[in-house]
Amino acid sequence: MRMFEGMTEEQAREQVLSMVSAYCDAYHKPQTAFRQGTRIPYAARVYDSREMVNLADSALEFWLTAGRYAARFEKRFAEYLSVGHCALVNSGSSANLLAFMALTSPLLGERRINRGDEVITVAAGFPTTVAPIIQYGAVPVFVDVTIPQYNMDASRLEDALSPKTKAVVAAHTLGNPFDIKAVKAFCDKYNLWLIEDNCDALGSEYTLDGKSKLTGTFGDIGTSSFYPPHHMTMGEGGAAYTDNALLSKIMFSIRDWGRDCVCASGQDNLCGHRFDRRHGELPFGYDHKYVYSHFGYNLKATDMQAAIGVAQLEKLPSFLERRRHNFDRLKAALASARNKLILPEPCANADPSWFGFLLTCKDGADRAKIVPFIESKGIQTRMLFAGNLIRQPCFDRMRGSGEGYRVAGDLRNTDRIMNDTFWVGVYPGMTDEMADHMAKTIIEAVR
Ligand SMILES: Cc1ncc(COP(=O)(O)O)c(C=O)c1O
């Protein structure tokens with residue numbers, strides 16, 4: 001108590017925050033020095049005192065739930081993406097759930113996705129891109145991907161179509177934009193929804209009709225993840241965004257318990273009609289705060305997460321630049337390994353903001369030997385997530401019965417990825433020395 005004697009609350013807060021800033025500078029210095037044996041992770045948080053000060057500021061305010069930082073983040077993130085509406089949520093998986101469930105809303109009439117309807121997607125990716133489709137009782141239809149782009153093979157889309165197809169849901173794999181031109185033309189032709197899982201591709205650009213835009217903004221809804229390895233972080237966190245006002249209204253309703261009311265946490269009667277409307281079969285004047293137009297969830301993030309996100313967003317351009325730099329450096333350094341490894345290629349018309357550097361073994365190169373060797377040298381590796389999702393244990397029952405999903409054509413490349421592909425990091429904390437060491441070790445491994 002004596003510590004703050006004679007101070008206003010604001011002065012005391014400033015003092016605490018300046019100490020937090022000094023603490024971060026002293027004890028959270030980024031590790032840039034590279035020595036032989038230093039472990040090189042595939043990704044890591046990159047932050048400084050600004051994130052920690054924002055976090056402490058929101059903690060001192062103790063609002064806890066979504067508040068002023070969440071509102072600021074939603075506004076700034078929407079501005080960054082040039083989209084009309086952004087809903088902050090507690091993870092990328094929640095963003096995918098929200099995006100998909102929004103398309104099941106009765107407010108969409110004929111275009112609503114019903115149980116049993118089909119959604120075209122891929123099996124070579126992250127499980128929670130697909131999980132909401134299955135959880136709801138719709139039917140994922142898997143098409144193969146191309147190597148070395150690792151994205152949906154757009155030439156397979158027509159074959160995957162059926163009278164039940166309602167949507168395409170796909171990720172821009174590890175930052176590489178899929179063939180947006182072809183996928184969008186297909187969706188427009190058949191009046192299908194398009195969800196872009198943009199969780200690994202924040203900052204990727206794609207040129208369509210001579211205009212370059214950020215991925216996540218071409219389809220009806222885009223999603224992001226702010227889990228620590230991603231392009232920016234808030235610990236746990238995610239966002240779903242759209243330019244469509246109706247989809248936005250539905251997303252906010254489903255995110256916030258399914259409610260009809262749009263008041264922020266702690267706010268009352270923003271619309272001025274809290275007690276003078278009839279809803280469903282409720283008595284006239286039933287409190288609008290407790291009227292539910294959807295069966296929703298609570299997917300909100302806390303203000304402490306958003307506070308970190310606000311600071312990270314300011315650094316995003318420098319993060320993206322460094323990721324591209326690291327990717328280019330690794331690719332140049334690995335050119336001599338092309339006889340044993342397939343190096344990643346951007347899709348046409350794309351400027352990827354890479355999440356990682358994908359490698360596929362060929363001509364006798366054996367992933368089962370190469371990956372443990374690289375790991376033993378301190379370089380962290382990752383698989384392309386589920387490999388072939390259909391071959392995962394979560395699919396055992398469905399695979400056994402052959403029901404609840406469909407495969408259009410073969411999944412030859414998807415299986416190849418499951419068997420032969422791995423990836424290493426390009427995160428912004430990675431220095432040139434680290435990238436060079438990684439390339440040298442990978443070349444050593446394939447020899
Ligand atoms: C493509 C993709 N979608 C969704 C997610 C899920 O994001 P989160 O971990 O924030 O739930 C991930 C996770 O890394 C991902 O890579």
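**Overall size.** I began with the radius of gyration of this predicted model. For 447 residues, a compact globule would come out near 22 Å, and the chain has 24 Å, so the two agree. I then boxed the C-alpha atoms along the principal axes and got roughly 75 × 70 × 45 Å.

**Make-up and packing.** I counted 13 helices and 14 strands in the chain. Next I looked up burial: 54% of the 447 residues count as buried. I also checked how far along the sequence the contacts reach. Among contacts with a separation of 6 or more, 73% join residues 24 or more positions apart.

I noted an accessible surface of about 20200 Å² for the chain, with 52% of it belonging to carbon and sulfur atoms. The chain carries 51 positive and 52 negative charges, and I found their mean positions 3 Å apart.

**A visit to helix α2.**

Which residues of α2 are buried? I listed S49, E51, M52, V53, N54, A56, D57 and S58. I was curious what covers these buried residues, and the cover includes α1 (9-27), α3 (68-81) and α9 (303-333).

Last, I stepped just past the end of α2 and looked at F62. There I noted a positive phi of about 60°.

Terms used. Residues are numbered from 1 along each chain as its sequence is written. This is a predicted model: local features need pLDDT of at least 70, side-chain atom pairs count only at pLDDT 80 or more; totals for chains, interfaces and linings use all residues. Side-chain values use heavy atoms; hydrogens and water are left out. Helices (H or I, at least four residues) and strands (E, at least two) are DSSP runs, numbered from the N terminus. The radius of gyration is taken over C-alpha atoms; the globule rule is 2.2 Å times the number of residues to the power 0.38. Buried means under 20% relative accessible area, exposed over 50%, partly exposed in between (1.4 Å probe, protein chains only). Contact means heavy atoms within 4.5 Å. Accessible areas come from the Shrake-Rupley method with a 1.4 Å probe; for residues, only the protein chains shown count as cover. Lys and Arg count as positive and Asp and Glu as negative; His and the chain ends are not counted. The place of a charge is taken as NZ of Lys, CZ of Arg, CG of Asp or CD of Glu.
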